[in-house]
Amino acid sequence: MNFQKFSLKLVNRSYKPLGTTIKIGDTSIGEGVFSIIAGPCAVESPEQIDLIASHVKKLNLRFLRGGAFKPRTSPYAFHGLEEQGLIWLRESANKYGLITVSEAVDLESLSLVSEYSDIIQIGSRNMYNSTLLKAAGSLRKPVLLKRGMSATINEWLMAAESIMVNGNESIFLCERGIRTFETTTRNTFDISAIPVIKKLSHLPIIADPSHSFGSGYGVSSISMGAMAAGADGLLIEIHPNPEAALSDGKQSLSLEEFTILVNRLHALKEPLNLRF
Ligand code: PEP
Ligand code: MN
């Protein structure tokens, strides 16, 4: 692979041969720590996010996700509670001592999300949004950069480079599946991306089995596969009542299913020499 020809500089593994560790409060993401980020696709009500946050806390996990700005394929779908959603996410996270992840979809939401959330997510549909990438580069908050659904690994790394060149070095990548000819799953989880990113870049990479697989029943398999392949963590959608979720219910795990998965991952932790 001729890495130089793509002019990736700051994200290049040679820039930080030991790998990037992103420090967030008393925890970190990357190199030897396995971070499980869980929560609903979208914050729906204070009760919903509180119940999920208390469950995440009960499992001794540190990260709570919840969308407040939802880029949906259909204009008729639920697009999130915006600032109210961010407030409820923050309140529940504070109550249980959790670190939040929430998505920004444009410059306006970026300034709101960075006001309330600890980590800013840039989603698949916005991976090519150079204005948003540039603005995220001037923030002093970690950015979770998802892979564009049709992006090559080099385009994805170039998007990370665009954030980094603007001054923000706290970036971690998220493989969330790519579009292929296969239609039985929502996307095709590209497990190859994990070793390729590890070779090419120093940035941590996590896996999103929920948007990759698109149905709850495959989330556990993809999660364990990604963990064994060397991912630095997972981003998983969970909901107290997946059937009633306002978005992505089909791929969301119930709290009980999620507990079983976390226990399975704990069992794998020691043989894989990982810390949670
Ligand atoms: C999400 O995390 O809810 C989301 C919209 O993901 P993606 O950008 O991967 O589609
Ligand atoms: Mn979702």
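This is a predicted model: local features need pLDDT of at least 70, side-chain atom pairs count only at pLDDT 80 or more; totals for chains, interfaces and linings use all residues.
Biologist: How many helices and strands does the protein have, and what is its radius of gyration?

Modeller: The secondary structure comes to 9 helices and 10 strands. For 276 residues the globule rule gives 19 Å, and the protein's value is close to that, so the protein is as compact as a globular protein of that length. The radius of gyration itself is 17 Å.

Biologist: What percentage of the residues is buried?

Modeller: The C-alpha atoms fill a box of roughly 50 × 45 × 40 Å along the principal axes. A residue counts as buried when its relative accessible area is under 20%. Of the 276 residues, the buried share is 58%.

Biologist: Which residue class has 7 members in the shell around ligand 1?

Modeller: The residues surrounding ligand 1 include Cys41, Arg65, Lys70, Glu103, Arg125, His211 and Glu237. By class, the shell has 1 nonpolar and 4 polar residues. The class with 7 members is charged.

Biologist: Which side chain has a polar atom 2.8 Å from an oxygen atom of ligand 1, and how much of the ligand's accessible area does the protein cover?

Modeller: An N or O atom in the side chain of Arg125 is 3.0 Å from an oxygen atom of ligand 1, and a polar side-chain atom of Glu237 lies 3.2 Å from an oxygen atom of the ligand. The 2.8 Å distance belongs to Arg65. On its own, ligand 1 has 290 Å² of accessible area, and the protein covers 97%.

Biologist: Which residues coordinate the manganese ion (ligand 2), and with what spacing along the chain?

Modeller: The donors are Cys41 through SG, His211 through NE2, Glu237 through OE and Asp248 through OD. Their distances to the manganese ion run from 2.1 to 2.4 Å. Along the chain, the donors follow the spacing C-x169-H-x25-E-x10-D.

Biologist: Why does the pair Cys41 and Asp248 tie together separate parts, and how many residues apart are they in sequence?

Modeller: Both residues are donors of the manganese ion. Cys41 lies in the loop between strand 3 (35-39) and helix 1 (46-58), while Asp248 lies in the loop between strand 10 (233-237) and helix 9 (255-269). The pair therefore ties together parts whose separation in sequence is 207 residues.

Biologist: Is Asp248 buried or exposed?

Modeller: Phi of Asp248 is near 55°, a positive value in a residue other than glycine. The cut-off for buried is under 20% relative accessible area. Cys41 counts as buried at 2%. Asp248 has 16% relative accessibility, so Asp248 is buried.

Biologist: What relative accessible area does His79 have, and what does Gly66 have?

Modeller: Gly66 lies in the loop between strand 4 (63-65) and helix 2 (82-96), and His79 is placed in the loop between strand 4 and helix 2. His79 is partly exposed, at 33%. Gly66 is buried, at 2%.

Biologist: Where is Asn273, and is Asn273 buried or exposed?

Modeller: Asn273 is found in the segment after helix 9. Its phi is near 60°, a positive value in a residue other than glycine. Exposed requires over 50% relative accessible area. At 69% relative accessibility, Asn273 counts as exposed.

Note on methods:
Residues are numbered from 1 along each chain as its sequence is written. Chains are lettered from A and ligands numbered from 1 in the order in which they are written. Side-chain values use heavy atoms; hydrogens and water are left out. A residue is near a molecule or strand if one of its heavy atoms lies within 4 Å of it. A polar contact is a pair of N or O atoms within 3.5 Å; within protein, one must be able to donate a hydrogen and the other to accept it, and residues adjacent in sequence count only if both atoms are side-chain atoms. Accessible areas come from the Shrake-Rupley method with a 1.4 Å probe; for residues, only the protein chains shown count as cover. Ala, Val, Leu, Ile, Met, Phe, Trp, Tyr, Cys and Pro count as nonpolar, Asp, Glu, Lys and Arg as charged, and the others, Gly among them, as polar. Donors are N, O and S atoms within 2.8 Å of the metal (3.2 Å for Na, K and Ca); water is not among the atoms, so sites may look incomplete. Helices (H or I, at least four residues) and strands (E, at least two) are DSSP runs, numbered from the N terminus. Buried means under 20% relative accessible area, exposed over 50%, partly exposed in between (1.4 Å probe, protein chains only). The radius of gyration is taken over C-alpha atoms; the globule rule is 2.2 Å times the number of residues to the power 0.38.
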